[in-house]
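This report describes the sheets, helices and ligand surroundings of one protein model. Please consult the sequence and the coordinates alongside the text.

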Amino acid sequence: MKVSVLGATGAMGGLVIKSALQEGGISVANKISSSDDVCNLFVDTDVIVDFSCPFATESMLRYASSNGTQIPLVIGTTGLSKIHKDLMEKCSQTVPVFHSPNMSFLVAIMNSVLYMLGKLLDEDFDVEVLESHHRLKKDAPSGTAIMFGHTVAGARNRNLDDVANFIRYGIIEQRKRGEIGFAVQRCGSVVGTHEVSFVGSCENIKVKHEASSKEIFARGAIQVAKWIINQCNGLYSMNDFTKDVTIPVLNALSREFFEKQ
Ligand SMILES: NC(=O)c1ccc[n+]([C@@H]2O[C@H](COP(=O)([O-])OP(=O)(O)OC[C@H]3O[C@@H](n4cnc5c(N)ncnc54)[C@H](OP(=O)(O)O)[C@@H]3O)[C@@H](O)[C@H]2O)c1
């Protein structure tokens, strides 16, 4: 498999190239950064992996949609807007497009656990999302934190836009029932920590993921790249990638747990 990397000179791009070469059977076709023309990404390659910035991702998507390219896209860039989402939708009509703000398999597992907790625990449980990242991160809250918010809101049949609280400063109103609060830390070289709390009057439960190396995201992106080249046209998320593995495993484990009690 030949992979092209957008954002090749960046922290993530470098790790994607390293992971691709370590994986075996994968070569790096094109390494593209801000000094290159985005059209070179599409030359003689099987798949594109993008960890760059929203501007570069938009250029890639515009080029793909206006030229009808047939190369699957794996997009890890965060801070994307509705313009990007619409462009991804458009491209996905002719090519498989994968987007996830977090390529870690464990984060995907955490996301499914949060869905179950969102279903199990009603709005008597206040949900708070806390995330920490390194001082260089440019978007906030992280795409992963927002993804978790969407998951819990969706499990409660709510729209995140209606229940999210991203800003608390000064005199604030009382917490609204069903609100999902977000808090952000930017400091040092923290790779990425996400903690979601369900806090009731007498008990609470917290689910936390800590990344200690960005390599997990690069390795995840390469696994997704191997998978996406065999998928039909469409827009895919980490849930699509993990569901074949996660659902049977979780079903079997929960059955085993309850049967053994
Ligand atoms: N999905 C995930 O699992 C995951 C995990 C970690 C990070 N991320 C996200 O991945 C992205 C990259 O993170 P990073 O830490 O690698 O950032 P980084 O070190 O700042 O690298 C950014 C890369 O984008 C390139 N770039 C910037 N502007 C460009 C343009 N106009 N055209 C083409 N390339 C351009 C840069 O090229 P130059 O060197 O030429 O400027 C560089 O190669 C961020 O959005 C981050 O939040 C996602």
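Which residue of strand 8 stands opposite V129? The residue is F182.

The model is a predicted one, in which local features need pLDDT of at least 70 and side-chain atom pairs count only at pLDDT 80 or more, while totals for chains, interfaces and linings use all residues. Residues are numbered from 1 along each chain as its sequence is written.

Helices (H or I, at least four residues) and strands (E, at least two) are DSSP runs, numbered from the N terminus. Two strands pair if DSSP finds at least two bridges between them. On these terms, five strands form an open sheet with mixed pairing, in the order 7-8-6-9-10. Its edges are strand 7 (164-165) and strand 10 (204-211); each has a single partner strand, so one side of each is left without a neighbour in the sheet.

Strand 6 (residues 126-133) runs parallel to strand 8 (residues 180-186), and seven bridges join the two. Strand 6 is also joined to strand 9 by seven bridges, here in the antiparallel sense.

| Residue | Opposite residue | Strand of the opposite residue |
|---|---|---|
| V129 | F182 | strand 8 |
| H133 | R186 | strand 8 |
| S132 | T193 | strand 9 |
| V74 | F98 | strand 5 |

Seven bridges, as stated, link strand 6 to strand 8.

An open sheet of six strands shows parallel pairing in the order 2-1-3-4-5-11. Strand 2 (27-32) and strand 11 (234-236) are the edge strands, each pairing on one side only. On average, neighbouring strands of this sheet are turned by 20 degrees against each other, direction ignored. Helix 1 packs on the sheet, touching strand 1 (2-6), strand 2 and strand 3 (47-50), and its direction makes about 170 degrees with that of strand 1. Three bridges pair strand 4 (residues 73-75) with strand 5 (residues 96-99) in the parallel sense. Helix 3 (residues 82-91) lies across strand 4, strand 5 and strand 11, and runs at about 150 degrees to strand 5.

Helix 7 has 14 residues and reaches 20 Å from its first C-alpha to its last. This is close to the expected 20 Å, the expected span being 1.5 Å times one less than the number of residues. A residue is buried if 20 or more other C-beta atoms, placed from the backbone, lie within 10 Å of its own, exposed if 12 or fewer do, and partly exposed in between. Ten of the 14 residues of helix 7 are buried, so the helix is largely enclosed by the rest of the structure. Among them are I216, F217, V224 and I228.

A225 lies in helix 7 (residues 215-228), and counts as buried because 24 C-beta neighbours fall inside 10 Å. Leaving aside residues up to four places away in sequence, A225 touches V3, V47, V49 and V74.

The ligand is surrounded by 25 residues, of which G10, M12, S33, S34 and G76 are the closest; a residue is near the ligand if its C-beta atom, placed from the backbone, lies within 6 Å of it. Helix 1 (11-23) and helix 2 (54-67) each supply at least two residues of this shell, and helix 1 gives the largest share, three residues.

D36 lies in the loop between strand 2 and strand 3. With 15 C-beta neighbours inside 10 Å, D36 counts as partly exposed. D36 and L6 are 30 residues apart in sequence and 9.7 Å apart in space, C-alpha to C-alpha.

Terms used. Contact = placed C-beta atoms within 7 Å. Axes fitted to C-alpha atoms, helices over the stretch in contact; angles between N-to-C directions.
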